[in-house]
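Here is a friendly walk through a two-chain structure, meant to be read with the viewer open. Please have a look around before reading on.

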Amino acid sequence: MTPPIITPRGMRRRHFLGHMAATTLGIPAACFFANLRGAAAAAAAPGGKRPKSCILLWMSGGPSHLDIWDLKPDSERNGGPFKPIATSAPGVMISEHMPNVAKQMHHLNILRSLDSKEGNHDRGTYLMHTGYVPNPTVVHPGWGSTAAFEIGGRMEDFDLPHCVSINTPGQGAGFLGMSYTPFMVGDPNGQIANLAPPKDVDALRMNRRLQMLSRVENDFIKKRGAAPAVDHKAVYGKTIRMMNSKYKDIFKLDSEPDAVRELYGKHSFGSGCLLARRLVEQGVTYVEVAMGGWDTHADNFETLSTRLLPQLDQGMAALTADLADRGLLDSTLIVWMGEFGRTPRINPNAGRDHWPRCWSIVMGGAGMKSGQVVGATDKDGVDVADRPIGVMDMIATMTKAMGIGMDTQYTTPRGRPLKVVDDGKPIAELVG
Amino acid sequence: MPLLGGRFGRRPGAVRGVAALAAGLATVVASAALADDGPRAGPPESSGSAADPAGFIDPLLKAAWEEDGVKPAVPAGDEEYLRRAYLDVIGRIPTVAEAREFLTTKAPDKRARLIDQLLEHVDYPKNFATLWTNLLLGRSRQERNVDRDALTAWLRKQFAADRPWNETVYDLVTASGSNKENGAVNYTIAHLENEAIPLTSRSTRLFLGRQLQCVQCHDHPQNDWKQADFWGINAFYRGIKVEEVRKADASGLERVDHVELSDVPTGAFARFDRRNGMMGVAFPKFIDGRKVANPDKALRRVELGKLVVDPDGDMLAQAMVNRTWAHFMGKGFVNPVDDIGPHNPPALEPLFAKLTEEFHAGGYDVKQLIRWIAASAAYQASSLRPAKKEFPEDELFSVMALRSMSPEQLFDSLLTATAAHRPGGARDDAKRDRWMRQFLFTFGNDEDDETTSFQGTIPQSLMMMNGELMRDALSDKPGSFLTDALRQARRSRRPAAFMVDQLYMAALSRRPSNSEAQALVRYLESHADAMPFLQDLFWALLNSNEFVLIH
């Protein structure tokens, strides 16, 4: 039995129930350990084309865009000490502390005129992950969960989670349910805790436990049917598939050659990037790799040049090059961003503060045009000088690049319509 | 020396709390506005009586249901009510003995009595102190200068004594002195970094129910809060001194013994970046626009404390009522619970207003608030859905929402279920904290944001299915729950039936239905070695959504 595709047009109770029945009752109890499935659907979807994936490099805390992607050497007040260097993309300059990424810039684009309006970590994180400002009436699904639902949700027989978050819990799936909530890998250099049953529980015994579990909870679900009960069951189904899957070793990086590990870097960000590549290779739709420490209110330049940028440069460059080498870049969208940029003004602690008014993000791959800079800020970096880009424009661009319908719309639990792309225009220079 | 020392009346109708507080404030507040208020007259008219504590809630609920044509769920059965009351009030499921005691009692007012009993239980202040420590500090904060245990202990004392909420909050906002001796001090110490931005946003959210942090960088798009309003509150957090006091320890080495927090008058102001790139400055100003008369002569946190608990304001009461209602019902009148404001209209507005008014008039009595909520038709409703509804979301609290247990509730409940045979249970907070850390995540930013990967995720399922805690729970070693239960069962007349009954009671606080029991008993009676089967059954019960959810 394979789970049927759920309709993306509405998440009504019946669908939850149908989904639950399909994902859990049929599969795991009947065949725990009994059947290691063949290749994931990922490698060959209908039409022979690889389904698209997305890797988000998430810079938690708000990265200082002016010291990475949009340097202002001519601004006396705001420029800071870093020098721009040329890159593999003609005419595109980035920070001297990003020499390896500079060699990959022909694969990527810098968007220098994002205007996002939320300068609080929580709200900025929510906005950049969902495309929406927090709204008390609905919890918006993270865009990654939406992609996982639209692309991963259509795959048959896929044993890994469609949505994975490394070094961070990531954004929740809202009403799309726990099945599309990111599976968090807290430490990409570590093991997934509790993945194997205790030694005295063999397959037969695990089956008996699962059958008993079904018996105990079916009545409870039938009478209540509310999302948490259904979700709980669906997540158990997913969990059991993962325990049962031959892909569970995908999370162990020791099988990679040491040279590859060195190339990416063995720090949590580098290892996260490597794990992301491994997951995307198997067909996981959305992987977020987070790197923290970007909230540089003090000692911004010291922190960036000695710690943050060397790690970012190493991991991001290795990932981009590796995806390109393996022919995965055409089907994999890479996005680099944080919750906002940082102030042009350098504060008395040699830091920069929160700045959502005009800042930079980077994206490439998945068939986008590349090697470009879109938009510009003025000389001192305090205002958009050319081509303002809204967060919904960014979401529209990502949605289009992934081949997700631009008119995709859900019905929220309150019965209201919610668009994935609401009033945003894809950036023509990238996906036109 | 606490400003609001002394004990005030706490029972409903005893408005002396508010009056005394107002009077107490009047003596120290230069501002005439507060002094004018004076003592409030007379007990509130419609406050719930002891016999019918929710007297004023149900008519408002029923009116709303009628108006919307909502058919509420049937009243919850005793088993359902018992389990949620234990989890919500004292943070764990009942033991087998506690469950049996309640379920066999016939008294007509046994639910009200249960709530009274739970409010007097030693685990009530413990549970609420844990809850509020998590809210005040976050779950994962372990800084060297923050004495988390001292704050928890302080909170436990406030909840145990049912100290009026306005007094507790006043102390939290204004606390000074040693963080070891005055646990409340740790709240402020924990969030002072980054020019007290975290302290500003946490205080307005927790005590006033306002998400002022969203105007940190720009004016509010949907209401009239301005960027300067955030920084106006922030400016109260100036003139704060933190000193490490060192002492020689037993081995003669000098180390930090405690931290001393104090306030000094200051002329400082808050600076912030406006969206146009210019700098803004702000002096102390409360959300409602009131300013401090002489900001450079006053102790600013004391001034802020007075404004926060000002008896003329209703934000403090609103915030606590909404949060407590959400604690018991799964969601607040306003959601997110701390995002109250004109941009976010509440559900059941008349009830929210009435409950706020009663809480305020009744002297901010937290236990009384809990009694009111627990007696209401909303809290007494079953989680069984009445009829097929197209959209499961229920706006009017006509069905009890299903909620995931918090990590603390789950840990304590697992221990309760599997150590139910041991008198006093086996609570171990240090072990719980260690265990919980695997689900915690801190963002490490200037707002101290954190989250848990706990709410029904794959890692949680793996932990429940295969984790160490579950292995311990299913242990067949001498002295374990299962071996003890088995020994008891062998002494009973129908060992198999006894055993099945015992496992259901321990895990789900209910007896198995006939159909559930029959098959299991038959199986047990036909198998000589019962232990593996019992382990598997107990595993299934503890992994079931009926165990993991509050319903």
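## Where the chains meet

How many residues of chain A are in contact with how many residues of chain B? In this predicted model, 62 residues of chain A contact 55 residues of chain B. On the side of chain A that touches chain B, the elements giving two or more residues are α4 (121-130), β6 (183-185), α6 (203-224) and α7 (227-244) of chain A. By class, the residues on that side of chain A comprise 26 nonpolar, 17 polar and 19 charged.

## Chain A as a whole

Chain A has twelve helices and 17 strands. Of its 432 residues, 58% are buried. If you take contacts in chain A between residues at least 6 apart in sequence, 74% of them join residues at least 24 apart.

The chain is divided into domain 1 (1-36 + 201-246) and domain 2 (54-191 + 252-431). You will find the C-alpha centres of domain 1 and domain 2 of chain A 33 Å apart.

Start with Met398(A), which sits in helix α11 (residues 391-401) of chain A. Is Met398(A) buried or exposed? Met398(A) has 29 other C-beta atoms within 10 Å, so it counts as buried; the cut-off for that class is 20 or more. Leaving aside residues up to four places away in sequence, Met398(A) touches Cys54(A), Trp143(A), Leu333(A) and Val335(A). For a sense of scale, Met398(A) and Thr168(A) are 230 residues apart in sequence, and their C-alpha atoms are 21 Å apart in space.

Next comes Ala350(A), in the loop between β9 (341-342) and β10 (354-355) of chain A. Its phi is near 55°, a positive value in a residue other than glycine. Ala350(A) has 16 C-beta neighbours inside 10 Å and therefore counts as partly exposed.

## Chain B as a whole

Among contacts in chain B between residues at least 6 apart in sequence, 67% link residues at least 24 apart.

## Helix packing in chain B

How do two of the helix pairs pack? Helix α7 (residues 123-137) of chain B packs against helix α8 (residues 148-160) of chain B at an angle of about 130°, and their axes are 8 Å apart. That angle makes α7(B) oblique to α8(B), and the crossing of the two is right-handed. On the α7(B) side, the contact includes Tyr124(B), Phe128(B), Trp132(B) and Leu136(B), while residues from α8(B) include Leu151(B), Leu155(B) and Phe159(B). The contact of α7(B) with α8(B) has eleven nonpolar, three polar and three charged residues.

The second pair is helix α11 (residues 193-208) of chain B and helix α12 (residues 227-234) of chain B, packed at an angle of about 105° with axes 9 Å apart. That makes α11(B) roughly perpendicular to α12(B). Glu195(B), Ala196(B), Ile197(B), Thr200(B) and Thr204(B) of α11(B) meet Phe230(B), Ile233(B) and Asn234(B) of α12(B). Sorted by class, the residues of this contact are four nonpolar, three polar and one charged.

## Loops of chain B

Val215(B) is placed in the loop between α11 and α12 of chain B. With 21 other C-beta atoms within 10 Å, Val215(B) is buried. Which residues does Val215(B) touch, not counting those up to four places away in sequence? They are His220(B), Trp225(B), Lys226(B), Gln227(B), Asp229(B) and Phe230(B). Val215(B) and Pro94(B) are 121 residues apart in sequence and 44 Å apart in space, C-alpha to C-alpha.

Asp162(B), in the loop between α8 and α9 (165-174) of chain B, has a positive phi of about 50° although it is not a glycine. Because Asp162(B) has 19 C-beta neighbours inside 10 Å, it counts as partly exposed. Pro336(B) belongs to the loop between α14 (315-329) and α15 (349-361) of chain B, and the peptide bond from Asn335(B) to Pro336(B) is cis, with omega near -10°.

Technical notes: Residues numbered from 1 in each chain as written. Chains lettered and ligands numbered in written order. Predicted model: local features only at pLDDT ≥ 70, side-chain atom pairs only at ≥ 80, totals over all residues. Contact = placed C-beta atoms within 7 Å. Helix = DSSP H or I, 4+ residues; strand = E, 2+ residues; numbered from the N terminus. Nonpolar A, V, L, I, M, F, W, Y, C, P; charged D, E, K, R; others polar. Axes fitted to C-alpha atoms, helices over the stretch in contact; angles between N-to-C directions. Parallel < 35°, antiparallel > 145°, perpendicular 65-115°, else oblique. Left-handed = near helix turned anticlockwise from the far one by under 90°. Domains from an automatic or database assignment. Buried ≥ 20, exposed ≤ 12 C-beta atoms within 10 Å, placed from the backbone.
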